[in-house]
Amino acid sequence: MTARAVTAVLSGGGVKTAAHLGALEVLAQAGHVPTRFVGTSMGAVISAGLAAGLSIADVRVRLLAIERSQVAALDRTALVRGVFAPAMFRGPRLRETLGKLLPVGRFADLQLPLTVTAADLDTGALVLFGDGGVDAPLADALYASCALPVFYPAAQWEGRRLGDGGLRAVLPLEVAASFPADLVLAIDVGPGFDAAPSRDRPPPALLRAHNDAQHLLMATQTKQALELWRLTPGRPPLVYVRPAVHRGETFAFAAVDGYMAAGRRAAAVALGRSP
């Protein structure tokens, strides 16, 4: 009997992507085990760990071991350079952390196919790394997918400036549509109009304005992607899981287990069960 082809699409969302782990745990208990991953930003990082053969418990432990300074190391020159600074945080520190987080260094070493998205900041093109895309060291592809403008410097790759894949596809359903599948699992912890207010202290006014604009644009983009999926004939069945999320909280590492629990509850609801 041929195994079902199940594509897991994991959105970006910083620490909130811990909810992917809880959701996948419940989905697997229902017999929905991914055979392929498509991921954006931190969703791509979670995908890479699972595609490399780590268990959900292993990925959780690695997430909990991350310190804020390892991914959000302030570039102190930004305080002096102001609007002329390339970004708030040091990109090489994040790239180094991503490289140490995973047990393998190349797409070819993964046990399951993985596609990672990034955005070309000059042309607007959606760039795919891994299966169905171009090859690159895994940490380089993941950094490009996570390099959200203002927070991190653009990734430099073959003469192109690349940024967070969420700029083009927070929930990359159209990428998943290019692969044959019997079922698609889409777990979305990205910006949405249903997101609860942030529990973080409000950021400086200029950064808050940037975050608000980004939130609106990405939430609209995801809404349109879901509508397109549902209106396009011939698409495989979609299980859409939307955990309860708060705005912000990209670096709220203390909330890992809370978001895992939110993922479990949302997956149960998506499967028609009591959470």
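**Exercise 1.** State how many salt bridges a search of the whole structure finds, and describe the one between Arg60 and Asp257.

*Solution.* Step 1: the search of the whole structure gives 14 salt bridges, a salt bridge being a side-chain nitrogen of Lys or Arg within 4 Å of a carboxyl oxygen of Asp or Glu. The structure is a predicted model, in which local features need pLDDT of at least 70 and side-chain atom pairs count only at pLDDT 80 or more, while totals for chains, interfaces and linings use all residues. Residues are numbered from 1 along each chain as its sequence is written, and side-chain values use heavy atoms, with hydrogens and water left out.

Step 1: in the pair Arg60 and Asp257, the closest N and O atoms are 2.7 Å apart. Helices (H or I, at least four residues) and strands (E, at least two) are DSSP runs, numbered from the N terminus.

Step 2: Arg60 is partly exposed, at a relative accessible area of 27%, and Asp257 is partly exposed at 35%. Buried means under 20% relative accessible area, exposed over 50%, and partly exposed in between (1.4 Å probe, protein chains only).

**Exercise 2.** Determine how helices H2 and H7 are arranged and which residues make their contact.

*Solution.* Step 1: two packed helices are described by the angle between their axes and the distance between the axes. Axes are lines fitted to C-alpha atoms, for helices over the stretch in contact, and angles run from 0 to 180 degrees between N-to-C directions.

Step 1: H2 (residues 42-51) and H7 (residues 138-146) pack at about 155°, with their axes 8 Å apart. They are therefore roughly antiparallel; angles under 35 degrees count as roughly parallel, over 145 as roughly antiparallel, 65 to 115 as roughly perpendicular and the rest as oblique.

Step 2: H2 contributes Met42, Ala44, Val45 and Ala48 to the contact, and H7 contributes Leu138, Leu142, Ser145 and Cys146. Contact means heavy atoms within 4.5 Å.

**Exercise 3.** Decide whether Ser47 is buried or exposed, and name the residues that it touches.

*Solution.* Step 1: Ser47 is placed in helix H2.

Step 1: with a relative accessible area of 0%, Ser47 is buried.

Step 2: leaving aside residues up to four places away in sequence, Ser47 touches Leu10, Phe37, Val38, Gly39 and Leu114.
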